[in-house]
Amino acid sequence: MSETTDEQSLASRLPEGGFPPPPELAAQANVGPDVYERADADRVGFWEEQARRLDWVEPWDQALDWSNPPFAKWFVGGKLNVAVNCVDRHVDAGHGDQVAYHWIGEPGDTRTITYAELKDEVCRAANALIELGVQAGDRVAIYLPMIPEAVISMLACARIGAVHMVVFGGFSPDALASRITDADAKVVITADGGYRRGAPSALKPNVDEALTKTEGVRSVLVVKRTEQDVEWTEGRDVWWHDLVTGQSTEHEAEAFDAEHPLYIMYTSGTTAKPKGILHTSGGYLTQVAYSHWAVFDIKPDTDVFWTAADVGWVTGHSYIVYGPLANRATSVMYEGTPETPHRGRWWEIIQEYKVTILYTAPTTIRTFMKWGPEVPAGFDLSSLRLLGSVGEPINPEAWLWYHEHIGGGRCPIMDTWWQTETGAHMITPLPGVTTLKPGSAQRPLPGIAASVVDEEGKPIEPGATGYLVLTEPWPAMLRTIWGDDERYKDTYWSRYGEGVYFAGDGAKLDEDGDIWLLGRVDDVMNVSGHRISTTEVESALVSHPTVAEAAVVGATDATTGQGIVAFVILRGDAVDSGEELVKTLRLHVRKEIGPIASPRQIMVVAELPKTRSGKIMRRLLRDIAENRELGDVTTLTDSSVMDLISSKLPAAPSED
Ligand code: PRX
């Protein structure tokens, strides 16, 4: 297919004016078009209304205390128990038999957990933690695979007021140790191992190693999952089935202050020391529950909801655990990788469990594109009614592919912009309201105040590019960086003055006032004084029929400030014609964006370096592009990827 035809077909697949909400969905949507006006009229009152969807033991006397910015307090004086809101109240209301999770192990084993069973499991685990001496306010590290015990452990902590700190199971012993030290965790909950890519991978040895590098952990609670041999430290290690299984299912839950800490989640940062993002109880639960209900239009009696992410990330915390449970949703939880044992595994799960809503990341969608549409076409995906995207800007090509090949052309896609720090969705369409524009997260969630500003903090004109800021506090906002109030102030609140949160993302406003996220500001290149987003160039590259994935970095250039360097993975059927292909792609980008965006170098590679959450590590690509020694590679999924890329590179940049 020639370029021109392909571009025409992309343009013709983007209807003028966007994709309006399907009328049947709009007619029955949880949230209608009047919501924005209502929320704007009384923002804090709007959040009070949403907080009333939860059960409070004590009502709040002040909805928001913003007298000491940037330290917010929401629902001051209110008391609730987060776990009771997620589990007990649904059982008490007669929904004990409803499935909370359809859990699917990678090897094919399954577990169905009803709300009543979940309540029993959480109470048992809460009693076990108490037996280990855990008290309200203590930190508990959770280092588990995607098994039900991960959710049970988080809820058990919440139930007794302990602060959980989940570390993604793919992290190294060093990363685990530094987080345990920073959070000063007393207990670690782990497993012998988990299943990934068809084989058991060990976790307990990582904990053993981590605990040689940090002090203060008294107990290690170990779930048996893979039956691998484990080393055992008597007096410290205890099996879950020995300690938890025999506990009573009775546990009287205490109500905690709305501002009681709920969890710490470390972000893989750009500096050496990770930031411990602190979330608290009442405001966090209010916004995750509301956003999950409004953005995914959750109907608890009929929907089967699937966030295909790991509980080790904020997406898992908010949209596998707290949001869905607060809304009494039935969720799917899958332990493994999409290609195990075959590339249709996700679609098989959707077919079997009649999943109605799927929430995943653009990087995964592009992987599916690479594998080809015939894979999902082999399964019945007609149960799906809504799709979601999170984690990075979704390029229109991937959006359309997701819409056509997964959503059957009928499912609206919610492109949700948010961060570990924001706790819940912030910029997103609403399914029964918004006419969708592929590639744009569009507008702030009702009750959220956002703006796009220039260097001086002045709101930009439609059509211009600037920085995304949040101009009012929101219920699920981070409260601080654990143990470091100064860093909290410096990182997020110092750039544009008091009370303005700097998100670190570039954004463009279109003529309708819709927001287009352009990626991290540090990913914005400056070429001859023109600001160009790496995402924009990547999006242009992947819109070419030969390209499956692309990563773009700005490398220092003596003439232009920065030069654009692109790394591309070709689609399976594309032929690498060397310089010929590079020329074609360069021309394609010039055509898509303009000559200023023409990459200085384009390199065809077999893999891209990604973090375990699927983010491309541009920092490492920049090192390569600038012929520097590689920086820290420990957060990569697979550090050998860098050797692979380096070995494929030409000795010198090719110039036209
Ligand atoms: O750059 C934005 C990007 O991911 C960043 C937040 O990453 P993290 O804290 O790991 O949380 C990911 C899951 C919420 C943001 O600063 N990002 C996230 N969602 C989108 C996005 N960029 C564009 N569009 C999105 N929908």
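What follows is a working chat about a predicted model.

Q: Before we start, what kind of model is this, and how are residues numbered?
A: This is a predicted model, in which local features need pLDDT of at least 70 and side-chain atom pairs count only at pLDDT 80 or more, while totals for chains, interfaces and linings use all residues. Residues are numbered from 1 along each chain as its sequence is written, and side-chain values use heavy atoms, with hydrogens and water left out.

Q: Okay, sheets. In what order do the 7 strands of the open sheet run?
A: The order is β5-β4-β17-β16-β18-β19-β20, with mixed pairing. Strands here are DSSP runs of E with at least two residues, helices are runs of H or I with at least four residues, and both are numbered from the N terminus. Two strands pair if DSSP finds at least two bridges between them.

Q: Which strands stand at the edges?
A: β5 and β20 (413-416) do, and each has a single partner strand, so one side of each is left without a neighbour in the sheet. On average, neighbouring strands of this sheet are turned by 20° against each other, direction ignored; axes are lines fitted to C-alpha atoms, for helices over the stretch in contact, and angles run from 0 to 180 degrees between N-to-C directions.

Q: And β4 with β17, in what sense do they pair?
A: Strand β4 (residues 99-104) and strand β17 (residues 330-334) pair in the parallel sense over 4 bridges, and Tyr 101 has Ser 331 in β17 as its bridge partner.

Q: Which strands does α7 lie across?
A: α7 lies across β4, β5 and β17, and runs at about 30° to β5.

Q: Switching to charges, how many salt bridges does the structure hold?
A: The structure holds 31 salt bridges, each being a side-chain nitrogen of Lys or Arg within 4 Å of a carboxyl oxygen of Asp or Glu. One of them joins the side chains of Arg 111 and Glu 149, at 3.2 Å from N to O. That pair links distant parts of the chain, with Arg 111 in strand β5 (residues 110-114) and Glu 149 in helix α7 (residues 148-160), 38 residues apart.

Q: What does Arg 345 form a salt bridge with?
A: Its partner is Glu 348, with the closest N and O atoms 3.7 Å apart. The two are 3 residues apart in helix α13 (residues 345-353), so about one helical turn separates Arg 345 from Glu 348. Arg 345 is buried at 5% relative accessibility, while Glu 348 is partly exposed at 29%.

Q: How about Lys 610, which side chain does that one meet?
A: The side chain of Lys 610 meets that of Glu 549 in a salt bridge of 3.0 Å, N to O. Lys 610 lies in the loop between β30 (601-604) and α20 (618-625) and Glu 549 in strand β28 (residues 547-557), so the pair ties together parts that are 61 residues apart in sequence. Both residues, Lys 610 and Glu 549, are buried.

Q: Where does Thr 190 lie, and what is it in contact with?
A: Thr 190 lies in strand β8 (residues 187-191) and is buried, with a relative accessible area of 0%. Leaving aside neighbours within four places in sequence, its contacts (heavy atoms within 4.5 Å) include Tyr 143, Leu 203 and Val 222. A polar atom of the Thr 190 side chain lies 2.9 Å from the backbone oxygen of Tyr 143.

Q: Then Glu 259, where does that lie?
A: Glu 259 lies in the loop between β13 (256-257) and β14 (261-267), and is buried at a relative accessible area of 17%. Leaving aside neighbours within four places in sequence, Glu 259 is in contact with Ala 72, Lys 73, Trp 74, Thr 280 and Arg 479. The backbone nitrogen of Trp 74 lies 2.7 Å from a polar atom of the Glu 259 side chain.

Q: Last one, how many disulfides are there?
A: A search of the whole structure finds 0 disulfides, a disulfide being a pair of cysteine sulfur atoms within 2.5 Å. For Cys 86, the nearest cysteine sulfur is that of Cys 123, 13 Å away. Cys 86 is buried, with a relative accessible area of 0%.

How values were computed
Buried < 20%, exposed > 50% of the residue type's maximum accessible area, 1.4 Å probe, protein only. Polar contact = N/O pair within 3.5 Å; in protein donor to acceptor, adjacent residues only side chain to side chain.
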